[in-house]
Amino acid sequence: AGWPAVAMRTRYDVEWRRVAGLHPLQPSIRITEGILLTPKAAARRADLLYTTKALPLRPLWPGFAINTLFYAAILWLLILGPFTARRMIRRKRGQCSKCGYDLRGAEHEVCPECGADGSL
């Protein structure tokens, strides 16, 4: 499980057992490296053999690291992106990047309004 890279894993072990009075072989599913989410009684039925669900618990480290970097970049864009874009727009317009004071034509090294360096 995981997106954009596979980051977690569950292992299903299926054993076929003979049960008296029923079909010759019945599947028995054992989950390792995960938690069974399907009720155990339903997981034993042959028609639900391939629909058994489990919560994966074993991390696959390369995928886990890729996903962490991917989501960290998205969060950075959502949280800090607008502030960075605003500073860039102000700088392009000749304003103080911190407070927006008009610095065009001024010979200031620092903003007279907020005291920030004019090239921030």
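What follows is a short exchange about charged residues and a surface patch.

Modeller: Before we start, this is a predicted model, where local features need pLDDT of at least 70, side-chain atom pairs count only at pLDDT 80 or more, and totals for chains, interfaces and linings use all residues. Residues are numbered from 1 along each chain as its sequence is written, and side-chain values use heavy atoms, with hydrogens and water left out.

Biologist: Thanks! How many salt bridges are there?

Modeller: We look for a side-chain nitrogen of Lys or Arg within 4 Å of a carboxyl oxygen of Asp or Glu. One of the pairs is Asp13 with Arg11, with their closest N and O atoms 3.3 Å apart. By this rule the count is four.

Biologist: Is Asp13 buried or exposed?

Modeller: Buried means under 20% relative accessible area, exposed over 50%, and partly exposed in between (1.4 Å probe, protein chains only). Arg11, its salt-bridge partner, has 42% and so counts as partly exposed. Asp13 has a relative accessibility of 16%, so Asp13 is buried.

Biologist: How many residues apart in sequence are the parts that Arg58 and Glu33 tie together?

Modeller: Arg58 and Glu33 form a salt bridge, their closest N and O atoms being 3.6 Å apart. Arg58 lies in strand S6 and Glu33 in the loop between strands S3 and S4, so the pair links parts whose separation in sequence is 25 residues. (Strands are DSSP runs of E, at least two residues, and helices are runs of H or I, at least four, numbered from the N terminus.)

Biologist: Which side chain of opposite charge is nearest to Arg90?

Modeller: Arg90 sits in helix H3, residues 81–92. Arg90 is buried and has no salt bridge, though a polar atom of its side chain lies 3.5 Å from the backbone oxygen of Ser97. Counting Lys and Arg as positive and Asp and Glu as negative, with His and the chain ends not counted, the nearest opposite charge is 11 Å away, on Asp102.

Biologist: Which helix gives the largest share of the nonpolar patch?

Modeller: Such a patch joins nonpolar side chains (Val, Leu, Ile, Met, Phe, Trp, Tyr) within 5 Å, from residues with over 30% relative accessible area and no salt bridge. Its members, including Trp3, Tyr71 and Phe83, have about 1,100 Å² of accessible area together, by the Shrake-Rupley method with a 1.4 Å probe, only the protein chains shown counting as cover. Seven of the residues come from residues 61–79, which is helix H2.

Key: A polar contact is a pair of N or O atoms within 3.5 Å; within protein, one must be able to donate a hydrogen and the other to accept it, and residues adjacent in sequence count only if both atoms are side-chain atoms. Patches are made of residues with over 30% relative accessible area and no salt bridge: like charges are joined within 9 Å, nonpolar side chains (Val, Leu, Ile, Met, Phe, Trp, Tyr) within 5 Å.
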